[in-house]
Amino acid sequence: MYFLVLLSALLFMAGNNETAKISVHSMHHTVESGESTWIAIGIEPKKGWHTYWANPGDAGLATTVEWILPDGVSITDTIWQIPEIIETDGIVSYGFHRKHYIFYKLATPANSENQNLEISATVKWLACKEKCLPGKDTVKLHLFPSKQSKINKNFSDIFGNIPIRIDKPLQASIEDNNIQLELNDNLNLSEKARFIPYLEGIIDNSATQYIQERSLVVPLDAFHTEIPGEFKALILDNEKAFEVLVIF
Amino acid sequence: MNSFFGILAMIAFSFALTNLIAQNKAEIDKTAPDFELTDVNGTKHKLSDFHGKYVVLEWINFDCPFVKKHYDSENMQKLQGKYTSQGVVWLAICSSAPGKEGNLSKDEIKKRAENYKAKFTAYLIDESGDIGRMYSAKTTPHMYIIDPQGKLIYAGAIDSIRSTDKADIDKAENYVSKALDEALAGKSVSTKVTQPYGCSVKY
């Protein structure tokens with residue numbers, strides 16, 4: 001027995017603000033009850049402004065999304081698009097000048113027929129050019145039971161520019177105030193490769209990183225905070241990005 | 001042969017320069033590098049003049065929303081008042097370059113400080129950004145605490161909730177207050193380093 005869930009307010013419900021425009025998009029027009037779908041939060045900074053990635057770097061603030069989800073609906077995965085490296089007067093940040101998306105995998109409840117499931121996302125961001133301004137907007141969508149299933153073809157246009165996930169964890173050690181990442185055979189990097197943890201406060205964002213004997217050497221921040229035993233990070237290399245799990 | 005010795009001399013010079021720069025960078029649990037800056041009233045202040053006292057350094061930019069969060073709510077002034085009344089020296093330092101956000105005229109600085117009823121010991125002007133870079137100051141606010149022996153005992157955020165929202169202040173753990181309370185009670189500081197949050201310093 002299948003139930004279908006209609007996602008209304010698909011493309012798109014949008015909010016507007018002084019520094020950025022927020023929108024919400026869904027991968028499906030309808031999705032089978034009990035199955036998962038992807039929802040994208042779009043953030044379009046106004047010209048000249050930028051907003052921040054999960055780790056904003058030396059300064060700034062990551063964009064956050066606070067969800068209000070009905071019982072049985074849950075977020076099971078999050079993917080950020082690949083950030084730009086933004087350098088201003090020696091301060092290095094990770095963020096976006098362009099319209100970008102954060103993707104959330106949403107698990108829908110089984111047996112959700114005849115329900116109107118309202119999903120609310122409050123997006124908070126900091127936008128900066130020379131000055132910085134905080135922004136906040138709420139977008140909503142509704143899930144209705146339906147027997148019609150339909151993929152939103154436009155979603156494939158935005159579901160891109162995301163990191164390639166590398167399954168095998170990278171072994172790391174700390175030597176002489178550097179993180180040394182052992183590069184495995186699946187990861188052939190150029191000299192331009194840049195390592196960026198999802199967590200703030202670990203690496204020196206403005207220091208030169210380099211490859212030495214199959215290891216990527218990443219200087220630690222002079223005031224680094226406690227380094228967890230494992231954490232997720234991106235390795236940017238030319239136009240690509242790899243998402244890796246680092247284990248000490 | 002002359003050129004060989006010339007190259008050797010250059011290598012030795014650059015090595016010495018690198019060492020000098022490294023020695024002048026602030027590090028936790030090490031002697032805080034000395035500096036001299038002029039305040040908004042034209043008075044010079046040298047860090048080493050405050051030897052024997054706790055010193056708080058607060059990187060400031062009155063136009064930054066994170067600084068406004070802590071001044072509009074009077075959180076910063078309350079901290080300044082509480083600790084300067086116990087003999088702590090509180091130095092606000094502005095490293096905004098000329099023409100950049102937060103680089104205000106002296107009259108404007110005095111007006112803002114008066115309107116806010118700011119209780120810092122002095123507002124120091126670091127237009128070149130040299131002292132900001134010496135302390136690796138990245139954000140406004142970015143907070144540092146130096147003990148009476150001149151050792152850097154805290155560097156990082158003002159509190160634990162990274163936002164511009166005043167409503168978060170009461171819910172947050174104030175790292176500066178915690179470190180000062182511990183130090184003033186003769187205890188060692190339990191959280192010496194945190195990740196600062198705020199606007200970038202406008203070097």
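Reader: Which residue of chain B meets the side chain of Glu200(A) in a salt bridge?

Author: This is a predicted model, where local features need pLDDT of at least 70 and side-chain atom pairs count only at pLDDT 80 or more, while totals for chains, interfaces and linings use all residues. Residues are numbered from 1 along each chain as its sequence is written, chains are lettered from A and ligands numbered from 1 in the order in which they are written, and side-chain values use heavy atoms, leaving out hydrogens and water. A salt bridge has a side-chain nitrogen of Lys or Arg within 4 Å of a carboxyl oxygen of Asp or Glu. At 2.5 Å, N to O, the partner of Glu200(A) is Arg162(B).

Reader: How many salt bridges are there between chain A and chain B?

Author: Glu200(A) and Arg162(B) form one of them. The count between the two chains is four.

Reader: What area is buried between chain A and chain B?

Author: Buried area is the accessible area (1.4 Å probe) that two parts lose on being put together, summed over both. Carbon and sulfur atoms give 57% of it here. The total is about 1900 Å².

Reader: Which residues of helix 4 of chain B are buried?

Author: Helices are DSSP runs (H or I, at least four residues) numbered from the N terminus, and helix 4 spans residues 106-116. Buried means under 20% relative accessible area (1.4 Å probe, protein chains only). The residues are Ile109(B), Ala113(B) and Tyr116(B).

Key: Buried means under 20% relative accessible area, exposed over 50%, partly exposed in between (1.4 Å probe, protein chains only). Helices (H or I, at least four residues) and strands (E, at least two) are DSSP runs, numbered from the N terminus.
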